[in-house]
Amino acid sequence: MRTDSSPGTLPAREHLPAGDAGTPVLDVVIPVYNEEKDLQPCVLRLHEHLKRTFPYAFRITIADNASTDTTPLVSQRLEAEIPEVKAFRLEQKGRGRALRTVWSASDAPILAYMDVDLSTDLNALLPLVAPLISGHSDLAIGSRLARSSRVVRGPKREFISRAYNLILRGSLQARFSDAQCGFKAIRRDVAQVLLPLVEDTGWFFDTEMLVIAERAGLRIHEVPVDWVDDPDSTVHIVKTATEDLKGVWRVGKALASGSLPLDRIARPFGDDPRDREIQDVPKGLARQLVGFCVVGGLSTLFYLVLYSAFRQFGGSQIANALALLVSAVANTAANRRLTFGVRGRGGAVRHQAQGLVVFGIGLALTSGSLAALNAASSDPAHSTELAVLIAANLAATVLRFLLFRAWVFPDRDDDQPGSTVVADHTPSSPTHSTQQAYAPLPQRPTPHHQYATAPQTPYETTGFRAGEAAEQRSWRDATVQLQPVRPTDTDPRNS
């Protein structure tokens with residue numbers, strides 16, 4: 001798993017500014033391998049749809065990854081005839097490699113991709129990229145498994161798709177619904193930080209990118225899509241499924257070992273309510289309560305087991321004191337790490353000492369309860385003792401949480417050196433508040449000409465080997481906006 005340095009932390013999300021500029025807002029990448037038959041109809045249909053519906057400048061990039069048929073010639077012809085189309089040639093196969101290379105080199109603030117078969121209805125394209133333009137989300141994906149999606153495909157592919165997503169939910173705790181739909185978009189500032197951490201170069205690329213983004217706290221927007229299966233798809237299902245399972249194991253292992261530097265992808269959120277100082281609303285209270293209740297429940301079970309064991313060798317007071325002491329040390333350590341997010345050894349001794357003071361208070365409550373029980377009955381039943389101790393522990397638990405939150409693990413910045421508090425959300429700070437400057441959103445002009453006749457001179461396709469685009473951040477832009485084709489127009493390419 002890659003652990004190389006990424007370009008840096010992300011700035012706060014903001015709506016891309018509107019205005020006129022030469023850079024396209026949207027770069028739609030179509031990764032292809034031996035698609036000489038479907039490439040031209042796909043590009044023409046997508047180009048016409050974007051001209052008709054997309055309000056900003058755009059680019060269509062054909063990412064040819066080592067095709068051996070006439071796909072490169074078709075790409076060159078389309079690039080020569082349509083100014084918004086660019087051809088990109090890689091000498092190695094792999095959809096993930098093609099997307100990483102082209103996205104790394106693109107200068108458009110919004111990057112997207114779709115499969116060449118155009119199985120997804122293009123009416124979902126604008127809803128896909130709109131949350132990225134507005135600054136609401138970091139990534140956007142089309143979902144065939146959403147309730148409102150309308151999908152036409154065979155039972156075999158339906159079963160495989162749903163089984164794969166169940167595997168992702170069970171093994172990687174993924175919350176997105178459809179990892180492999182070939183209809184996704186990402187903001188360029190996010191891609192520059194996220195892509196260096198994605199290792200896969202094939203079909204698992206999408207899943208790995210989404211899992212890392214989700215674990216880093218980035219916002220993923222899902223769009224229900226209308227999708228019709230391509231019966232001529234060349235995807236090798238068994239081989240792809242095997243590689244995907246290997247990828248799931250690799251990513252799960254990296255997440256479990258902590259080798260993925262997810263903190264590098266964290267971003268301050270622009271207008272996040274968690275950034276606001278609101279009086280009388282304790283920060284992180286809900287999360288801490290949940291964590292404390294889980295730890296408290298397990299500690300109570302641990303305490304009762306210890307009490308029952310110690311009770312075999314001594315009186316109730318001695319058994320209670322020993323069981324409470326051992327469970328209190330474990331409880332303090334667990335709450336320190338899981339509930340209040342304190343890591344490292346710094347301050348651990350002080351926290352345990354304060355926890356023992358809290359233990360003393362709990363001991364007084366439980367011992368007093370046992371003393372009262374013994375005063376009321378000379379030989380109480382063991383079940384009665386356990387019931388009294390549970391009630392006393394509930395009261396001690398409430399007091400323990402208040403003391404832990406206000407005294408042992410207070411929300412302050414002057415903790416001992418070496419003790420790092422990991423919060424759920426880090427507000428924007430001056431050192432990370434620099435917003436990457438995007439050019440204003442270029443509006444598409446409305447020219448008064450039809451398609452121009454294709455030039456007769458040869459037009460070379462830009463060629464890059466995999467990985468070279470990471471160093472070359474952009475290529476020349478010759479985006480010229482064209483007028484939508486009217487039903488009465490005649491396309492010179494068909495004459």
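Colleague: Which residues have the most contacts inside the largest nonpolar core?
Modeller: They are W103, L139, F176, I186, L194, M209 and I265, in a core of 45 residues. This is a predicted model, where local features need pLDDT of at least 70, side-chain atom pairs count only at pLDDT 80 or more, and totals for chains, interfaces and linings use all residues. Residues are numbered from 1 along each chain as its sequence is written, and side-chain values use heavy atoms, leaving out hydrogens and water.

Colleague: What makes a set of residues a nonpolar core?
Modeller: Its members are buried Ala, Val, Leu, Ile, Met, Phe, Trp, Tyr and Cys residues joined through side-chain atoms within 4.5 Å. The largest share of the 45-residue core, 6 residues, comes from α7.

Colleague: Why is helix α7 called mostly covered?
Modeller: Buried means under 20% relative accessible area (exposed is over 50%, partly exposed in between, with a 1.4 Å probe and protein chains only). In α7, a DSSP run of H or I with at least four residues, 10 of the 11 residues are buried, including F205, M209 and I212.

Colleague: What is I265 in contact with, leaving aside its neighbours within four places in sequence?
Modeller: Contact means heavy atoms within 4.5 Å, and the partners of I265 are L10, V193, L194, L197, I212, A216 and L218.

Colleague: Why does V326 count as partly exposed?
Modeller: V326 is in helix α10 and has 38% relative accessibility, so it counts as partly exposed.

Key:
Helices (H or I, at least four residues) and strands (E, at least two) are DSSP runs, numbered from the N terminus.
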